[in-house]
Amino acid sequence: MNILTKYLSILKKYETIAASLVVVAITLLLSYFLLLPNFMQSRQIISQQKKLNARLSLIEQKDKALSALNETYYKENFAKMNLILPSSKDYISLFDRLDELQLKTGVVIMSTNFQLGVISTGSATISKVAGMQSSMIPLTFEAVGDISSIKNFIDSLKEISGRFISLDSVSWTFKENMVRANFNARAYYYPLSQTIGSIDSPIPKMSKNNDSLLQKISQLPAVVPVSESFSSINVGKKDLFN
Amino acid sequence: MTRESINLVIRKTPDSPLVRKLKIIFPIIAATTLALFLLIFFISIAYNNSTVQKYKQLQGRVETLEKKISSQKNKEGIYTLTVSNLSALEQIVAKNKSFSPLLSELYNFKSATLNIESINADNLGNISISIMASSSSALDEFVEALIYKEEAKHMFSTMEAQGITRDKKGQYSLRVAFKADQSLMQ
């Protein structure tokens, strides 16, 4: 009994201090369980807000850049570009190009040989040129003409006005005023990408060289869609008896 | 009958100066801590609420812009494809060589006494030319002209004659291999 009285008297004596300590301890516990999660949440929100701000500035820039683009201009020029660098091997356009150059320069194409390789579209990787984005079709052809028409022909091949063909090697044989030229050349194609970047990925920038190339391409005559080119064909009588 | 009084109150022992000080300081600390906790707690709640509000607003703007960009997918696609096609085309055009200046330069050797039979050229500038000269002096002139173009104009280099033959008509044929300067292939 005496001991209890003694402890009670000590407690009574230090009750203010003890109560203060209890309050401080409870406050610390509350801080740990209530304040700390609040701080953590704030931190998380701030970091997410930063990320969102960065994303916002990216998509704002993208939106601005996209709004400035003239879709019709790019559509028209993309069609023209497809004539110069098609997405598939398209050997018909190779014949067309050589025919066009033949008419333009006066040379006579004696023979052509296209090494088309595998016909399936998956063959794109097979003929990929090292260090180049596009794939190539090796071709050889022989042309006959006088010296000026052969020179014109070579110069015209360099022009960006139709299916692009580059020369690897040439051999010229001269007989009187005629030149027989054998060309080892390459035609190119560039399979189109099936996907575009994510929504916040910046749109690719066009370099000065690309821009000047596009300017040249835009000067080419407009490509007439196949459906329109056939629109003027007369179909004749629909009813044989009337 | 006399009354006896008993003192039930526990006798107070006087506090030491330190305890007296602590009894003043501790409640102040406790009160301050509690007040501070409450203040920071409510501020943090208010701050969080406003930050969440701002975050939602920001998210709303992002979503609106994303929808706008999605609606321009076709435009983005055609532009992206155009740029990538142009880059591929630029690579091809940059590596393309022209043989026209080279042909002009070599064809200038042709004269009444010297006939060019054939020329082979590749895009690295390796050339071989076969000529037919009507006399040895015409052959000499051709070789001198070649040397002049090499030494004075630096158009050709590493020249190598691959054989001279003379036929029964007295005509000389010569085949020369050399390297053409890249300026002739631009």
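**Notebook: where chains A and B meet**

I began with the charged pairs and found that the count between chain A and chain B is four salt bridges (a side-chain nitrogen of Lys or Arg within 4 Å of a carboxyl oxygen of Asp or Glu). In one salt bridge, the side chains of A:D63 and B:K68 meet at 3.1 Å, N to O.

A note to myself: this is a predicted model, where local features need pLDDT of at least 70 and side-chain atom pairs count only at pLDDT 80 or more, while totals for chains, interfaces and linings use all residues. Residues are numbered from 1 along each chain as its sequence is written, chains are lettered from A in the order in which they are written, and side-chain values use heavy atoms, with hydrogens and water left out.

Next, I looked up who takes part. Chain A gives 78 residues to the contact and chain B gives 73 (contact means heavy atoms within 4.5 Å). By class, the chain A side has 42 nonpolar, 23 polar and 13 charged residues; Pro counts as nonpolar and Gly as polar here.

Then I checked the area. The two chains bury about 7,500 Å² between them, 70% of it on carbon and sulfur atoms (this is accessible area, 1.4 Å probe, lost on being put together and summed over both parts). In chain A, the residues that lose the most area to chain B are A:W172, A:F174 and A:I196, together 9% of what that side buries.

Last, I picked A:F141 and listed its neighbours. Not counting residues up to four places away in sequence, A:F141 touches several residues, including A:L98, A:F153, A:L157 and A:F183.
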